[in-house]
Structures are given as C-alpha cells and as structure tokens.
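Trainee: I would like to learn how to read the features of a model, one at a time. Could we begin with the charged pairs?

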Amino acid sequence: MTVLDTAKYLTTRSTENIAVLVADDDMSFRRVIMAVLSEYDDISVVAEAADGRQALAQCIDLLPDVVLLDVRMPGGGGIEAARSIHRHAPMTKIVMLTCSDDDEDVYQALKCGASGYVLKAGFVHDIASVVRALAQGAGVFLSAAIAAKLLDEFGQQKAESREPELSRRELEVLALVARGDTNDRIAEALCLSSHTVKRHVANILAKLHERTREDAVIHAKQAGVLNV
C-alpha cells in the first residue's frame, strides 16, 4: 500500500461510520443489503458493484472498512476479486457471500484473504453485527452452518488419521508380540530373520507412537486394530 493509499484509507476512517462496499451481480439482493444497512447510524454504504472488476476498482478508490463480496460474480469472480482486493487494499475486511457451502469455495476464499464466509440465507438479520465485528478487528467470521460443517469434516479427518494403518505382516508380528513371543520365536513362526522381525517391531512402535511392546499391544487392542 502506498503512502497516498494509506492517507486515503485514514481519511475514510476519520468518520465514526463503518464504510461498506456491497458487491453482488444480483441488483435486488444488493438493494436489500443496502436498505438493511441504511437503518444503522454507525454504518454507511459508500458504493456498490455488480462484478469483480468494479468491486476491485471501488475498493482501491474508496478503501472501505468492509466489502461484502458475492462468491460467484462476472468480471473474474468473487474469489479472484477477493485475492486482488486483499493485495491492493489489505486493510479492507472481505466478507464472502454465497448460496452454497461448497468446501472448495470456503477454503479458496480464506486462502485469498477473506475474513468472513457466510450463507446469504438468513444473513440479512446478522449483517450489521458481522460488519461491526470485522471492522473492529475480529479474526474470521463463518456462518454457523459453514462453521459446523468445517468442524465436522475436521473431526472426521482427525478420526481417519488418528490410527495409522499397520500392514498385514505388522499385524501378524504384533499378534505374536501380544502372545508374549520373543523376536526369535516370532521369526521362526513367520519364517523371517530376527533382524526383520526387529525392524517390524520398530515400525509398529513408530506408527503407534509407543515406546514399549506392551504399550503397543494395549494401544492396538483399544483401537480395535488387534483382536487377540
């Protein structure tokens, strides 16, 4: 950001009102948002835009505190516009508006510098509080439905990655370890060398993040990996 841009931004911020830009190719939706925001004395809609290029130009020129940006718009699209706005006007908070909770859009928007990602449905009732929170420095705002979905997916990924996969041979070795067999007896039972068995045991301990053979057996049993 240049010195001139910084001065322009500080001039914009010199009033008490929160400056907002509304960018959406649906004029009816823009009008609804603007009408709702006009009811609040501390929020001012300084401009509107119908596509991504207009939104970027307006942000560079006016440096609003918050831009409400539709995810899917002509003129490069909302995601690309968000990336450019974040680069040229990094002090402007970006709230992505969408009709869909598509995971990829959410991830891309946050990667591009968006501070909020909300579903249009029901958003109108919370718009003022979202704008205020982000203008006052809140970190990231997500619609409840999107936040819940992301947390659920994170939980599933964590659960899926919680237990590493043991190979068939490692499970055979671990079953014999659980029986109390030594490396030599395991090697004889599986027609392997003692050195190979020792490597298998070391791999099992590393995968399960355990220090002893006994702890590895307990871990595997509790996780349902080993049924002996």
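Mentor: A salt bridge is counted when a side-chain nitrogen of Lys or Arg lies within 4 Å of a carboxyl oxygen of Asp or Glu. This is a predicted model, in which local features need pLDDT of at least 70 and side-chain atom pairs count only at pLDDT 80 or more, while totals for chains, interfaces and linings use all residues. Residues are numbered from 1 along each chain as its sequence is written, and side-chain values use heavy atoms, with hydrogens and water left out.

Trainee: How many salt bridges does the structure hold?

Mentor: The structure holds eleven. In one of them the side chains of Arg169 and Glu172 meet at 2.8 Å, N to O, and these residues are three apart in helix α8, so that about one helical turn separates them. Helices (H or I, at least four residues) and strands (E, at least two) are DSSP runs, numbered from the N terminus.

Trainee: What is the angle at which helix α8 and helix α10 pack?

Mentor: Two packed helices are described by the angle between their axes and the distance between the axes. Axes are lines fitted to C-alpha atoms, for helices over the stretch in contact, and angles run from 0 to 180 degrees between N-to-C directions. Here α8 (residues 168–178) and α10 (residues 194–208) pack at about 95°, with their axes 10 Å apart. Angles under 35 degrees count as roughly parallel, over 145 as roughly antiparallel, 65 to 115 as roughly perpendicular and the rest as oblique, and α8 and α10 are therefore roughly perpendicular to each other.

Trainee: Which residues in α8 meet α10?

Mentor: Contact means heavy atoms within 4.5 Å. Arg169, Glu170, Val173, Leu174 and Val177 in α8 meet residues of α10 that include Val197, His200, Val201 and Lys207.

Trainee: Which residues touch the most other members of the largest nonpolar core?

Mentor: In soluble globular proteins, nonpolar side chains tend to be buried together. A nonpolar core is a set of buried Ala, Val, Leu, Ile, Met, Phe, Trp, Tyr and Cys residues joined through side-chain atoms within 4.5 Å. The largest has 22 residues, of which Leu69, Ile85, Ile94 and Met96 touch the most other members. Among the elements that each supply at least two residues of this core are β3 (66–70), α4 (77–88) and β4 (93–98), and α4 gives the most, with four residues. Apart from this core lies another, of 20 residues, among them Met34, Leu37, Val66 and Phe123.

Methods:
Buried means under 20% relative accessible area, exposed over 50%, partly exposed in between (1.4 Å probe, protein chains only).
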